Amino acid sequence: MDRRVFGVESEFGLTHRPETGRGLPPDELARYLFRPVVEFGRSSNIFIPNGSRLYLDVGSHPEYATAECDDLIDLIAADRAGERVMHDLALAAEERIHRDGFTGQVYVLKNNVDSAGNSYGSHENYLIPRTTHFRRLSGILLPFLVTRQIIAGAGRVVPADESSQAHFAFSQRADHMWEGISSATTRSRPIINTRDEPHADAASHRRLHVIVGDSNMSTTTSLLRYGSTDLVLRMIEAGVPIDDFELENPIAAIRQISHDITGGARVRTRAGDEFTAVQIQRGILQRVSRFVSERGAHHEHVDRVLQLWERALEAVESGDHSLIDQDIDWAIKKRLVQDVATQKGLDLSHPRLEQIDMAYHDVNPHRGLFHLLARRGRATSILTEEQISQAMTTPPPTRAAVRGEFLSTARAYGAECTVDWVHHKLTGRPLEAIMVKDPFAQQDDRVDTLLNKLGDRQSQLRERSFDERSDNAVTVALSDKYALITGAEPPEPPLI
Ligand SMILES: Nc1ncnc2c1ncn2[C@@H]1O[C@H](COP(=O)(O)OP(=O)(O)OP(=O)(O)O)[C@@H](O)[C@H]1O
Ligand SMILES: [Mg+2]
């Protein structure tokens with residue numbers, strides 16, 4: 001597919017650190033965090049005007065699922081906007097906690113393992129044609145995903161246990177995957193989840209659900225992670241033959257690779273060959289590069305993805321991690337941990353270094369260590385501040401734009417509505433629930449007609465220029481964002 005829809009879901013870790021004593025229990029803290037969400041949407045599972053979904057499942061790991069994006073930069077901006085939304089919620093929660101007589105700070109961490117060893121995910125969604133042969137797809141994609149951690153892992157300080165000394169690993173998630181492919185998510189955690197919920201026309205498309213990835217702080221790493229996966233999918237979809245790297249035991253392999261930061265771990269294929277992760281990634285990268293030179297780049301960032309990919313493999317193979325220690329999360333974090341260990345004379349088993357690992361993922365832009373490094377010029381970014389703040393309120397130009405306008409307009413008129421990825425419904429008008437199955441659709445006449453019934457929008461719109469209308473749309477979304485964060489009353493209906 002030349003154009004693809006992408007989405008990423010991040011689950012966050014949540015902690016309260018009071019000045020003295022124990023923090024609030026996780027479920028109570030999560031309720032504090034989501035109080036403005038519940039006040040805004042009367043549910044702990046809502047869509048917000050930028051088209052994304054905010055969600056608190058059973059347990060205490062809040063989730064942000066980005067809107068559908070058809071461009072990698074939009075996807076990464078939407079993901080980063082989710083961190084900011086969580087940060088705003090944390091500040092509001094902190095205020096309420098203080099008002100209720102508690103002390104201390106609330107931490108929202110975009111990582112994948114908490115201090116008790118529980119894991120939570122960063123799930124990728126890729127729209128693929130239904131005609132893609134699933135067996136062939138998994139045969140190529142699984143070895144790619146098992147080894148992708150060396151170019152896109154978030155890195156982890158692994159404490160000592162009975163079997164090993166404290167060490168630095170490529171990945172947060174690798175130890176928590178239990179199966180190659182299956183339809184379960186919580187019970188067995190497969191690398192690729194086959195649950196068939198396309199949120200699109202099921203006759204023509206599937207939504208590929210990849211749940212093996214680490215949450216990334218670096219937007220440059222995110223570009224490599226999604227950009228490389230999209231290229232591999234394109235090649236699979238085009239039926240291009242790829243070397244056979246199908247692994248004998250993907251789950252043993254993913255762990256083995258993660259825990260050998262030299263990149264020297266060798267894993268066995270079903271055919272009986274042995275390869276390192278670098279060799280498998282190189283085999284795939286060579287084929288992808290040839291594919292791109294034969295067919296041309298399908299977006300403007302392809303060259304950058306290929307160059308980063310090559311540089312990351314060279315860094316692992318040569319052991320010269322300085323080649324990527326501003327671009328790839330695991331290497332940025334490893335350098336930070338090493339610097340602190342050297343300065344303070346600490347051994348890798350010192351608990352302080354595990355805390356540094358956690359603090360790297362703090363979404364607070366003033367306190368998080370990744371953000372601190374970025375400010376000091378020690379981490380690159382592919383986004384501007386403006387792109388991130390815009391993504392907090394403006395949906396990407398896909399079906400998310402239909403949803404965003406639907407939500408903003410209904411809210412502005414005080415009309416209750418419900419939406420999900422596909423449906424748009426005004427409460428009390430059940431016959432008018434509208435399905436938008438095409439995730440690329442930026443506009444839908446039926447939804448427009450439904451919204452027009454809310455007021456005489458049409459005659460007012462006619463008198464306004466397009467620019468004024470889009471300004472107004474942003475204003476509506478901003479007002480809603482304000483309401484979401486402070487729990488204030490919804491704004492007066494604007495004159496649209
Ligand atoms: N047709 C599509 N193709 C690819 N991605 C899609 C499509 N439609 C929606 N998405 C993306 O899929 C993700 C769905 O997230 P959501 O958390 O709701 O789904 P889920 O993981 O299936 O459900 P749950 O988390 O409740 O188990 C979002 O990021 C969204 O942007
Ligand atoms: Mg989800």
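This is a predicted model: local features need pLDDT of at least 70, side-chain atom pairs count only at pLDDT 80 or more; totals for chains, interfaces and linings use all residues.
**Largest cavity**

Helix H3 (residues 134–152) gives the largest share, five residues. I took helices (H or I, at least four residues) and strands (E, at least two) as DSSP runs, numbered from the N terminus. The cavity is lined by 13 residues. Arg148, Gln149, Val212, Gly213 and Asp214 lie nearest its centre. On a 1 Å grid over the protein atoms alone, a cavity is a set of points where a 1.4 Å probe fits but cannot get out; lining residues have an atom within 4 Å of a point. I noted about 110 Å³ of space in the largest cavity. A volume is the space filled by probe spheres set on the grid points, which are joined across faces, edges and corners. By class, I found six nonpolar, four polar and three charged lining residues. Ala, Val, Leu, Ile, Met, Phe, Trp, Tyr, Cys and Pro count as nonpolar, Asp, Glu, Lys and Arg as charged, and the others, Gly among them, as polar. The count of cavities of 30 Å³ or more comes to three.

**Second largest pocket**

Next I looked up the second largest pocket, with a volume of about 880 Å³. A pocket is an open set of grid points with protein on both sides within 12 Å along at least five of seven lines. I counted 41 lining residues, and Glu9, Glu63, His123, Arg195 and His209 are the closest to the centre. S1, S4, S5, S7 and S12 each give two or more residues to this lining. S1 supplies the largest share, five residues. The lining has 15 nonpolar, 14 polar and 12 charged residues.

**Ligand 1**

Ligand 1 takes up the space of the second largest pocket; more than half of a molecule's atoms must lie within 2 Å of the grid points. I looked at the 24 residues around ligand 1, where Glu9, Arg53, Thr66, Arg195 and Trp421 come nearest. A residue is near if one of its heavy atoms lies within 4 Å. This shell has 11 nonpolar, five polar and eight charged residues.

I then checked N or O pairs within 3.5 Å, the cut-off for a polar contact. A polar side-chain atom of arginine 53 is 2.6 Å from an oxygen atom of ligand 1. For glutamate 9, a polar side-chain atom lies 2.7 Å from a ligand 1 oxygen. Glutamate 68 places a backbone N or O atom 3.2 Å from an oxygen of ligand 1.

**Conventions**

Residues are numbered from 1 along each chain as its sequence is written, chains are lettered from A and ligands numbered from 1 in the order written. Local features need pLDDT of at least 70, side-chain atom pairs count only at pLDDT 80 or more, totals for chains, interfaces and linings use all residues, and side-chain values use heavy atoms, with hydrogens and water left out.

Technical notes:
A polar contact is a pair of N or O atoms within 3.5 Å; within protein, one must be able to donate a hydrogen and the other to accept it, and residues adjacent in sequence count only if both atoms are side-chain atoms.
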